[in-house]
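Me: I'm new to this one and would like to go through it piece by piece. Could you show me the sequence and structure before we start?

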Amino acid sequence: MNGTIQQYKNKVVEFWSGRTKSQKIGITSGVVGLILILIIATTLLTSSNMVPLYNNLSLEESGQLTEELDSRGVKYELADGGTTILVPEGQADGLLVDFAAQGIPNSGNIDYSFFSENVSWGMTSEERQIIELDALQTELAELITTIDGVDDAKVLINRPKESVFVGEQPEESSASIVLNTSYNHQFEQSEIQSLYHLVSKAVENLPAENIVIMNQYSEYYDLNQSNSIGGGNTYTEQQNIKKDIERDLQRRVQRLLGTMIGQNKVVVSVTTDIDFTVENRVEELVEPVDVEAMEGLPVSVERVTETYAGLDGGQLPEGETDIPEYLGEEDPDRLSDYEMVRETINHEFNRVRREIVESPYEVRDIGVQVAVDNTVEENGETVTLSEAEMMNVEEDIQAILSSMIETSISSEVINNNDTFNPADKVHIAFQPFSNEPNTPNEPSSIPTWVYIVGVALILVIILLIFLMARKNKSSEEWVQSEEVVGPQVEEEELPSIPDMESESDMRRKQLEKLAQEKPDEFAKLIRTWITED
């Protein structure tokens with residue numbers, strides 16, 4: 001037995017010493033990789049998959065569940081600071097049903113079902129009010145929890161005492177709410193307004209102004225912010241609107257110039273000046289009906305005509321001297337006429353009343369900055385554009401951007417500014433780009449190429465192991481064939497031994513060679529001789 005072990009040991013040493021350095025490294029890597037694969041596979045197959053049984057538990061509820069799991073001998077794990085309980089996947093569904101039948105976990109909160117189970121004639125009105133208020137808070141908290149982004153909610157309602165006097169105005173209630181929101185969840189202003197409206201309608205005599213809502217990070221959700229939606233009154237909203245307008249203009253210009261020059265050959269930046277003023281004005285205009293004659297419609301006409309005819313031949317009044325154009329006695333037959341015509345016409349004009357509300361977000365100014373790569377690839381070489389070529393490109397870009405600026409800026413701003421020139425709003429720079437603008441890649445879990453490389457590495461390891469086993473098998477067959485053929489050749493070459501050697505010497509040499517090459521057979525031969533003796 002020891003001889004057999006020694007023989008295989010010698011074969012392994014001889015095989016290993018006959019390998020090159022690269023072959024030794026490959027064999028070692030293959031063996032280590034195979035061992036790691038076996039360890040990982042064994043770990044994955046023997047490990048149990050733990051799934052959450054309950055999430056967002058209170059410490060009291062976690063204590064109830066862990067005590068029940070210990071009594072049943074169920075393996076479990078705690079996570080998220082004790083608020084999550086993990087159990088084996090195969091037992092999760094059964095435990096959920098069993099715990100639901102037992103009413104576990106029990107948070108200790110009172111809901112409206114408490115009245116149907118514990119109502120009694122001995123309950124006082126004060127006790128009933130306290131229990132009713134607690135039930136209202138619990139029901140309202142559960143209702144708020146159903147909103148997307150809210151994991152848990154605590155509601156505290158303060159109701160004023162009822163007045164004993166009938167004529168007094170009842171005092172208003174108030175409410176304080178703490179929301180446990182999901183990580184990185186942002187509520188829209190419309191959602192906050194709906195939440196205020198929900199709480200206000202759920203509690204009697206509770207105006208929205210008496211409600212305070214905050215999250216676990218002490219961040220308040222103010223109802224006043226919802227009043228400024230669309231008004232552009234807050235700095236955050238104004239900056240967001242400004243960024244949206246600039247981003248839209250930048251994308252359109254980048255897409256247009258990128259199609260002409262190349263997406264990697266041009267970079268565009270856009271800055272704007274936005275007017276967020278909301279203007280309400282009333283115009284009362286009076287316009288003529290006949291614009292050419294600038295006259296209105298005649299409503300009423302009044303004509304007054306006075307005439308007089310007679311002879312002037314009288315004497316001058318006493319104490320008066322001569323009066324100009326007064327006829328004396330010299331021309332008594334002269335006829336005197338008098339006529340007066342007066343006409344009054346009332347016209348009616350068009351009266352127009354206009355109530356104008358101008359929306360904000362008016363673009364008052366735009367600045368466009370364009371960087372163009374002045375190098376091109378020709379026959380595998382980088383060539384710089386000539387001055388004439390850059391001039392032509394600049395003129396084309398200038399014309400396109402000038403048209404875009406004229407149509408984007410308010411016409412009132414352009415008409416009121418005599419020195420307005422769209423070309424002054426555009427700046428174009430030509431220079432070689434050092435590298436292409438790279439957008440940062442968001443971190444992903446595991447790239448696809450990692451799986452491909454891993455599968456390829458496993459296949460290479462399996463192939464190396466197969467080749468090693470095959471080569472080892474072929475070497476063993478060669479050694480065995482050499483051992484079988486060796487003695488026959490030696491027997492054929494025995495006659496070549498000189499005649500001077502005796503037969504005993506020949507047998508001794510054969511026995512020595514047999515002991516060296518085949519110790520097992522030599523030992524069997526010795527045993528046979530001893531047995532015969």
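Me: Which residue in E3 stands opposite Leu 78?

Reply: First, a word on the numbers: this is a predicted model, where local features need pLDDT of at least 70, side-chain atom pairs count only at pLDDT 80 or more, and totals for chains, interfaces and linings use all residues. Residues are numbered from 1 along each chain as its sequence is written, and side-chain values use heavy atoms, with hydrogens and water left out. E2 and E3 (residues 84–88) run antiparallel and are joined by three bridges; strands (E, at least two residues) and helices (H or I, at least four) are DSSP runs numbered from the N terminus, and two strands pair if DSSP finds at least two bridges between them. Opposite Leu 78 you'll find Ile 85.

Me: What is the order of the strands in that open sheet?

Reply: The sheet has three strands, with antiparallel pairing. E1 (50–54) and E2 (77–79) each have a single partner strand, so one side of each is left without a neighbour in the sheet.

Me: Which strands does helix H3 touch?

Reply: H3 covers residues 59–72 and packs on the sheet, its direction making about 20 degrees with that of E3. Such angles run from 0 to 180 degrees between N-to-C directions, with axes fitted to C-alpha atoms, for helices over the stretch in contact. The strands touched by H3 are E1, E2 and E3.

Me: Is H6 roughly parallel or antiparallel to H7?

Reply: The axes of H6 (residues 125–145) and H7 (residues 189–202) come within 11 Å and cross at roughly 155 degrees. Angles under 35 degrees count as roughly parallel, over 145 as roughly antiparallel, 65 to 115 as roughly perpendicular and the rest as oblique. So H6 is, relative to H7, roughly antiparallel.

Me: Is Asn 374 buried or exposed?

Reply: Asn 374 sits in the loop between strand E12 (362–372) and strand E13 (375–378). Leaving aside neighbours within four places in sequence, its contacts (heavy atoms within 4.5 Å) include Val 383, Phe 430 and Pro 432. Buried means under 20% relative accessible area, exposed over 50%, and partly exposed in between, using a 1.4 Å probe and protein chains only. At 9% relative accessibility, Asn 374 counts as buried.

Me: How many contacts beyond four places in sequence does the model have for residues 436–445?

Reply: pLDDT is the predictor's confidence in each residue, from 0 to 100, and its mean for the protein is 76. Over residues 436–445 the pLDDT stays under 50. For that stretch, the number of contacts beyond four places in sequence is one.
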